[in-house]
Amino acid sequence: MELNARRLALDALERVAKGAYADVALHQVLQQRSLKEGDRALITELVYGTIRQQRTLDTLVQGFCQQLPPLKVQLVLRLGLYQLRYLDRIPPHAAVDTSVELVKEMGLGGFAKLVNGVLRRYSRSTTDPLEALIAPLPLVSQLGCRYSFPDELIASWLERLGQEECIALCQWFNQPPRLDLRLNPLRTTTNQLIADFEAAGYSLKPIPDLPQGLVLPHCGQAMPALPGYVEGHWSVQDRAAQWVSHLLAPQPGEVVIDACAAPGGKTTHIAELMADQGRVIACDRTPSRLRKLAQNRDRLGLKSIEIHTLDSATAGDFAAMGDRVLLDVPCSGTGTLHRHADSRWQPLRTRLAELVPLQAQLLANVCHWVKPQGLLVYATCSLEPAENEAQIQHFLAHHPQWYIEPPPADFPLKAAPAGWITVWPQRDDMDGFFMVRLRRGS
């Protein structure tokens, strides 16, 4: 890959270091110039991979440097070490030489010798230098440094899963995310969409047991450039998220409310499952995110969706109106850490302190939108008990007219004895999710 492409990856990493979200920084960088598909894919891998493996890479940098260099030089070292450690297809000399050139171009040529020395020393190592560096640490920190996660996440997973599954979960989250698509059956068929992608040189495969679900193993293009996107033949949606709408099981002609709808992946899926017949009420308090929902609705050609800007935690607009209500609450996202490379570095305890009370308030208010005998599905893309099981137990303790309704016996995702479903990535090979059906009594 050319030095220019590495420079773009470094540009994105600098933006993230200054506080930008990783996906936003990468998008801004990729828009700067026209790039070949291979370069786009590799820049994406370098940016997301370097951020995911940040703790591992920083452990190596700290081990090799007697005194830490300026942040810009640390970013170059992270980028170079990531290529040496994780990307076999890049020759070591290319990773070293271009890193040295990057430092010089940044006006930090005085650190060129340091960068060259650190990277060459690593590349010539006959044993993994990381293992010697982390050997004195306690187990939690060893695993955190080896797999690049904060100690608080490792400690939680160790306690709940044991060491073997904790490691498996870390390894799963350190993979680049897979691209799952959701067919729009109102616009095309599975066979036709597969044929369209094959004609464009892509291999699209159905996901077993998941209606509308397909996986695209390889893609270096922006979504609008792929066959059928502009025409509304499909959407991007992970298979775990698709199962949430199937658990809700909306029917044609019903009134269905999506209480935290933007950017609209599950809203549009609900409308598709209803054959676009009935009323789908999409609510969110953020106008900019609702605009994205409106764009998706229009692209997919869905007429049943109406959009309302409101705060579902307090609004009383839809009292006892919904046959079914989906409450996919804002959450910590610890089930999707592979998709959001920088989110693992945000302190979990701080986020939970903000999110758990909000989730409880949303659940306590939105439950009034459900008709007597109606159904509410509560969902998160979190693996945290405070946002999942504990939240539902608290709700049921204060709302005795509600009860958990287990999924149908033939539902492909199996529920726990309590009736809720927890999707563990290392077990189920999909994003981590929690979902539960709650039935309102008379």
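Please keep in mind that the model is predicted. The largest nonpolar core holds 49 residues, and a separate core of 34 residues lies apart from it.

**The nonpolar cores**
- Within the largest core, the residues that touch the most other members are I43, V47, L77 and V115.
- Helices that each supply two or more residues to this core are α1 (3–17), α2 (22–30), α3 (37–52), α4 (54–64), α5 (71–86), α6 (92–105), α7 (112–123) and α8 (129–134).
- The biggest contribution comes from α5, which gives 8 residues.
- Setting aside neighbours within four places in sequence, L77 is in contact with V61, C65, P69, V115, V118 and L119.
- The other core, of 34 residues, includes L247, M274, L293 and V377.

**A closer look at T59**
- You will find T59 in helix α4.
- T59 counts as buried because its relative accessibility is 13%, under the 20% cut-off.
- A polar atom of the T59 side chain lies 2.7 Å from the backbone oxygen of R55.
- Beyond its neighbours within four places in sequence, T59 is in contact with L130, L133, I134 and C145.

**The second largest pocket**
- This pocket has about 150 Å³ of space.
- Its lining is made up of I207, P208, D209, L210, R239, W243, P412, L413, D428 and M430.
- By residue type, the lining of this pocket divides into 7 nonpolar and 3 charged residues, with no polar ones.

Notes
Residues numbered from 1 in each chain as written. Predicted model: local features only at pLDDT ≥ 70, side-chain atom pairs only at ≥ 80, totals over all residues. Heavy atoms only, no water. Core = buried A, V, L, I, M, F, W, Y, C linked by side-chain atoms within 4.5 Å. Buried < 20%, exposed > 50% of the residue type's maximum accessible area, 1.4 Å probe, protein only. Helix = DSSP H or I, 4+ residues; strand = E, 2+ residues; numbered from the N terminus. Contact = heavy atoms within 4.5 Å. Polar contact = N/O pair within 3.5 Å; in protein donor to acceptor, adjacent residues only side chain to side chain. 1 Å grid on protein atoms, 1.4 Å probe; cavity = no way out; pocket = protein on both sides within 12 Å on 5 of 7 lines; lining within 4 Å. Points joined across faces, edges and corners; volume = space filled by probe spheres on them. Nonpolar A, V, L, I, M, F, W, Y, C, P; charged D, E, K, R; others polar.
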